Structures are given as structure tokens and as C-alpha cells.
Amino acid sequence: MGKNRERNVMLLCLSPLSENAFEKPKWEYAYKYRDETHNLQGYMTNEAPVKRVIEILNQDHGKQLDQIVTICSTKISNDIIEPGKIADESLLEVPSEKLGTMTHLAYFEEVIAHFMREKGLDYMPRIGKPITINGFSTQTSVTNAAIKAADEVMKDSENRKINLYVDFNGGPRNVAALLLGLTNLLELRGANIKEILFMDSTSEPTKIQTMESVFGFVDLAAGVNEYVNYGRMRLLDKYFRNSQDVQIRSVLHTLEDFSNNMQLCLTEYVLSNR
């Protein structure tokens, strides 16, 4: 499938600028790609993961990040930034006189646009209208936000393969549970989960890393649940698809054989192999 038949989408929960963010130097970040270390900077939590995805896609034969789907509070979409004291105006990607007129969302969009120009990339990921959520106290508000986000990510999925990148960093801690559930939902709807990113702030500079192992465990638990309740092997096969262990392959074959015979109601086989 050619790159024009794919759509690269990033999903994130947008965090606001911290109070007095510009009084301090920019945060320093680093990530590894193809055995090389790359460095990034930013004032806003979500800046670095988005910039990283843009960079690695560009290094992969000039691919593009087509869309950024944002979930955020009304504070981020509506409130004007209070920039406070600015320590070094030369570090700003947005003119200082504009900062006091912009929302946190508008600032994020401007920062990404500046980064695209700085890298000589002649496109801009579509950000569009954010999915706003006023609180996480009701099941309805969380469910509605998740459904809207999933629909936005999966647009045109009938015609194009959806490659999804998830930034696990922004928003309050309960957003992590929302993103986890949403990522699993999108995978069930056919999205290709490329990367789930988090930041390790215990190191300097802060490392941007992937969370495949954590989400892999979720897939394993879901696979066990799928087999026990429905007798299906899809998720277990996916989790162990790269395993070359003979015993694991043998167990999977036995489980699948048993499941197939149960579903076909071949009771004689099941009873003789119990």
C-alpha cells in the first residue's frame, strides 16, 4: 500500500502551558531513532512527542503526519494565556506581544507551525476543532469524548489505512485510563497502532520513549479474556506472533484446536482430550 493510501494520525490530550512557563528555559528532550540520538525543546508538555513523530515520519521516505486529534478541557480551548515574565524572548516561537491574546490551543498550533517551517517541511498537520471535555466525573462525558475521538481518528478508514501514534503524556492522570481504553477501541476498529509515547523525566534530558511492553500486557490480558469467554484466538495469536518458542507454539496450537472443536460441537474429540 503506497503512502497516499495511508493516513498518519496522532492522538493526544492537550495540556496547558504551566504557570510562568516562560520564566524558565525550555525543557530539553531526547529520543533515539535508528540508533541515533535526537534532541528537542519545548515549553508545552505535548510539543516534544508531536515533533518527534513529525521527524521520524519525515525520515521514513518523507512521510507526513496528516492529522493531530486533540482532547482537551474548555480551559485549554477557551482561556487566554497569561505569559507572565519572559526570561529570554529569543527562545520564543511566538512573538511575545501575541502571547497574551492566544488560547493554549492556539499557542500549540502556532508552535507546531513554526517547527514545520524550521524543518523546511511544506505542509501542516490538520489539527481542527478539539474534542472538549469539561470533566471526568460522569460516564456520559467520558464516553462521548472517546466516541468522538475514535470517529475523528478513523475518518476515511474505508479507503486508507490508519496509522496511529498516541501521546500518553498530557492531561490529568485519569486521562491515562481514557487513552488506554480508546487505544484498544481504535485497534478493534482496525487502526494500526504504531507507537504509544511517554516521557521519562527522571533523566536529563527527558527521554521520549515508547510503551509497547505495557500495552502488550494489556493485549495479553484481553487475549486471555477473549479465549475464555468466546473461544477465539485472534488476540493471543497477535500477541505471540513473533515468538519462536516451540512450547509456546505448541500450546497455542492445542488451544486453537480445542477451541475449533468446541465451536463445531465435536464433543467426541473434546471428551477424549479432556
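The model is predicted, with local features needing pLDDT of at least 70 and side-chain atom pairs counting only at pLDDT 80 or more, while totals for chains, interfaces and linings use all residues. Residues are numbered from 1 along each chain as its sequence is written, and side-chain values use heavy atoms, with hydrogens and water left out.

A pocket here is an open set of points on a 1 Å grid over the protein atoms alone, where a 1.4 Å probe fits, with protein on both sides within 12 Å along at least five of seven lines; lining residues have an atom within 4 Å of a point. The largest pocket has a volume of about 410 Å³, a volume being the space filled by probe spheres set on points joined across faces, edges and corners. Its lining holds 21 residues, and Glu187, Glu212, Asp219, Lys238 and Arg241 lie nearest the centre. The second largest pocket, at about 280 Å³, is lined by 12 residues, with Trp27, Tyr29, Thr45, Met199 and Ser201 nearest its centre.

Turning to the interior, a nonpolar core is a set of buried Ala, Val, Leu, Ile, Met, Phe, Trp, Tyr and Cys residues joined through side-chain atoms within 4.5 Å, where buried means under 20% relative accessible area (1.4 Å probe, protein chains only). The largest such core has 41 residues, of which Leu17, Val50, Ile54, Leu65, Tyr107, Phe108 and Ile208 touch the most other members. Apart from this core lies another, of 25 residues, including Val9 and Ile133. In soluble globular proteins, nonpolar side chains tend to be buried together.

Methods:
Buried < 20%, exposed > 50% of the residue type's maximum accessible area, 1.4 Å probe, protein only.
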